[in-house]
Amino acid sequence: HPETHTPRMVHVQQTLLRNSAKRADHIVTVSESCKSDLIDVLHVPANRIHVIHNGVNTVEFDIPFDTRRLNELRQTHAIHGDYIIHLGTLEPRKNLARLCEAYAQLRARRDDLPKLVIVGAVGWSADPILKAIAALGDAVVRPGYLSRADAILLLRGARACVYPSLYEGFGLPVLEAMAARTPVITSNVSALPEVASDAALYADPHSAESIAHAVEQVLNDPNAAAARVSIGRARAESFSWEKSAGKLASLYRDLAN
């Protein structure tokens with residue numbers, strides 16, 4: 001999706017990636033989806049590519065829940081009542097303008113819709129996103145960039161995490177939402193189904209109607225959402241940084257021999 005990046009970034013990354021792919025003895029990538037892309041786009045032989053998934057530190061999401069701090073965050077940012085959350089830089093690939101379109105559709109037919117909280121710094125080509133957010137008025141809260149501790153706390157307190165990205169090499173926010181025991185709604189493309197498996201509800205990221213429908217399913221069926229949360233937490237525990245580091249160390253040992 002070069003259209004979601006600046007021309008300079010596209011030029012630099014394409015040059016670096018193509019040269020690196022030609023020169024590298026082996027390539028480590030974070031998902032089977034990325035491996036397929038490297039084979040299809042850069043024509044790298046499959047036997048030179050090693051998939052080592054990213055991880056998550058689940059202990060970070062198990063510390064005692066700080067209700068006082070969460071209430072402070074709610075008061076500071078005018079988050080009243082339930083909310084759904086998105087975490088990530090405001091940039092085109094995150095598909096936030098379409099998320100706002102989906103949210104507007106839900107607002108038109110529901111009086112009980114939780115607020116939409118969009119956490120993250122403003123990135124590049126963000127004007128259409130900011131306009132879409134502004135059009136929704138006080139139904140959307142944009143706290144900006146938060147400390148990791150505060151972002152995790154808001155994630156843990158949310159009704160759902162909505163992450164309708166157009167493309168992800170892995171999708172750490174989805175894994176972190178699973179670790180936080182927060183229901184996940186994400187896209188049915190790239191590496192996202194590989195990470196979330198049966199723990200998420202999926203939407204077509206190119207369809208606001210599809211995103212809205214997935215959000216509504218979570219809101220309408222909390223029992224099904226809770227079941228997916230249980231699956232997601234167990235799945236998150238299988239993605240550890242220790243496991244990732246062990247696989248990378250093993251690859252280096254093989255190369256050294």
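So, α6 gives the largest share of the lining of the second largest pocket, 4 residues. Helices here are DSSP runs of H or I with at least four residues, strands are E runs of at least two, and both are numbered from the N terminus. A quick word on the source: this is a predicted model, where local features need pLDDT of at least 70, side-chain atom pairs count only at pLDDT 80 or more, and totals for chains, interfaces and linings use all residues. Residues are numbered from 1 along each chain as its sequence is written, and side-chain values use heavy atoms, with hydrogens and water left out.

Okay, back to that pocket. About 350 Å³ of space lies in it, with 17 lining residues, and L87, G88, R148, A151 and E176 lie nearest the centre. Two elements give two or more residues each to this lining: α6 (148-157) and α7. By type, the second largest pocket has 11 nonpolar, 3 polar and 3 charged lining residues. For the record, a pocket is an open set of points on a 1 Å grid over the protein atoms alone, where a 1.4 Å probe fits, with protein on both sides within 12 Å along at least five of seven lines; lining residues have an atom within 4 Å of a point.

Now α7 itself. How many of its residues are buried? In α7, 7 of its 8 residues are, with buried meaning under 20% relative accessible area for a 1.4 Å probe, protein chains only. E176 is among those buried residues, and E176 is also one of the residues nearest the centre of the second largest pocket. The cover over the buried part of α7 includes β3 (83-87), α6, β6, β7 (184-187), α8 (192-196) and α10. Just past α7, R181 has a positive phi of about 65°.

On to the largest pocket, with about 980 Å³ of space. Of its 27 lining residues, H1, H5, Q13, L17 and Y167 are the closest to the centre. Here α1 (7-23) and α2 (32-42) are the elements giving two or more residues, and α1 gives the most, with 6.

F170 sits in the loop between β6 (160-163) and α7 (172-179), F239 in the loop between α10 (222-236) and α11 (241-256), 69 residues apart. F170 is buried at 4% relative accessibility, and F239 is buried at 6%.

Conventions:
Buried means under 20% relative accessible area, exposed over 50%, partly exposed in between (1.4 Å probe, protein chains only). Grid points are joined across faces, edges and corners, and a volume is the space filled by probe spheres set on the points. Ala, Val, Leu, Ile, Met, Phe, Trp, Tyr, Cys and Pro count as nonpolar, Asp, Glu, Lys and Arg as charged, and the others, Gly among them, as polar. Contact means heavy atoms within 4.5 Å.
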